[in-house]
Amino acid sequence: MAITDWPEAERPREKLLSRGSDALSDAELLALFLRVGVKGRSAVDLARDLIAHFGTLTRLCAAGAEEFSAIPGMGLAKYAQLQAVMELARRALNERLSERDIFDSPSAVREWLQLRLGHLPHETFCVLLLDARHTLIEAVDLFRGTLTQTSVYPREVVKLALSRNAASVILAHNHPSGSAEPSTADQVLTRTLTEALGLVDVRVLDHFIIPAHGRPYSFAEHGLLRN
């Protein structure tokens, strides 16, 4: 059945306008992005097929152009549109972090880091540089590694913080092939960076580990950060 034949209150667009975006399922939200289905399949049916194929929305949004375009009804134009939506979300969250104390909205930090790092197939070490008011100066992807590891050099992190006149930093890296739980190496690295940055009066406020799926891990929340 075509969506136009559904009761008006159950159509995704009308439901969103009357009840808000939170009232829609993942498939319904994706259907609004797709706009149209394919022969014999409504946009909602196609959205369900896409989610089933990739397993999660995260994997769907992280799919490469070739894999995404291979799905019937998709193509490079849809892929480009999806990437544009993801980048708009990243930039909107970046504005929030740059305009107010980062601790006014800790959830925004997690959301932004997930959008920036959660989809990457390789490990990346990111440094969020903050001013004295805890607003974002700049976020820099400083080191890039393989699927399972990356090398981080404390000297380069200290040089970066000093060059941007940062008062504090938030560290983050992703675990593309594992859970968010920190390894022993992650804990040692965090202590080393905290000590090195402390020598130049730059505080480490937190270190987040971003898994491919699930909630980011906060060192500060788990009492693993010592300043």
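Me: What makes the pair of Thr124 and His122 a polar contact?

Reply: The side chains of these two residues come to 3.4 Å from each other. A polar contact is a pair of N or O atoms within 3.5 Å; within protein, one has to be able to donate a hydrogen and the other to accept it, and residues adjacent in sequence count only if both atoms belong to side chains. At 3.4 Å, the pair falls within that cut-off, so the label applies. Bear in mind that this is a predicted model, where local features need pLDDT of at least 70 and side-chain atom pairs count only at pLDDT 80 or more, while totals for chains, interfaces and linings use all residues. Numbering starts from 1 along each chain as its sequence is written, and side-chain values use heavy atoms, with hydrogens and water left out.

Me: How do you know whether Thr124 is buried or exposed?

Reply: Its relative accessible area is 4%. Buried means under 20%, exposed means over 50%, and partly exposed is in between (1.4 Å probe, protein chains only). With 4%, Thr124 is therefore buried.

Me: Which residues does Thr124 touch?

Reply: Leaving out residues up to four places away in sequence, Thr124 touches Leu117, Asp141, Phe143, Arg144, Ala172, His173 and Asn174. Touching is contact, meaning heavy atoms within 4.5 Å. Helices (H or I, at least four residues) and strands (E, at least two) are DSSP runs, numbered from the N terminus.

Me: And Phe143, buried or exposed?

Reply: Its relative accessibility is 11%, so Phe143 counts as buried. The C-alpha atom of Phe143 is also 7.2 Å from that of Cys126, though the two are 17 residues apart along the chain.

Me: What lies in the loop between β1 and β2?

Reply: His134 does, for one. What stands out there is a positive phi of about 65 degrees, although His134 is not a glycine. Asp201 has a positive phi too, about 60 degrees, and is not a glycine either. Asp201 belongs to the loop between α9 (184–198) and β4 (203–211).

Me: What makes Asp201 buried or exposed?

Reply: Its relative accessible area is 66%, so Asp201 is exposed.

Me: What does the side chain of His175 reach?

Reply: The backbone oxygen of Ser179, at 2.8 Å. His175 lies in strand β3, residues 168–175, and is buried, with a relative accessible area of 12%. Its contacts, not counting residues up to four places away in sequence, include Glu123, Asp186, Ile209 and Pro211.

Me: Which residues make the contact between α1 and α2?

Reply: Pro12, Arg13, Lys15 and Leu16 of α1 meet Glu28, Leu29 and Leu32 of α2. By type, they divide into four nonpolar, no polar and three charged. Here Ala, Val, Leu, Ile, Met, Phe, Trp, Tyr, Cys and Pro count as nonpolar, Asp, Glu, Lys and Arg as charged, and the others, Gly among them, as polar.

Me: At what angle do α6 and α7 cross?

Reply: Roughly 145 degrees, with the axes of α6 (residues 76–99) and α7 (residues 106–117) coming within 9 Å. The contact includes Leu93 and Leu97 of α6 along with Trp112 and Leu115 of α7. Its residues divide into eight nonpolar, one polar and four charged.

Me: How many helices and strands does the chain have?

Reply: Nine helices and five strands. Buried residues make up 44% of the 227 residues.

Terms used: Axes are lines fitted to C-alpha atoms, for helices over the stretch in contact, and angles run from 0 to 180 degrees between N-to-C directions.
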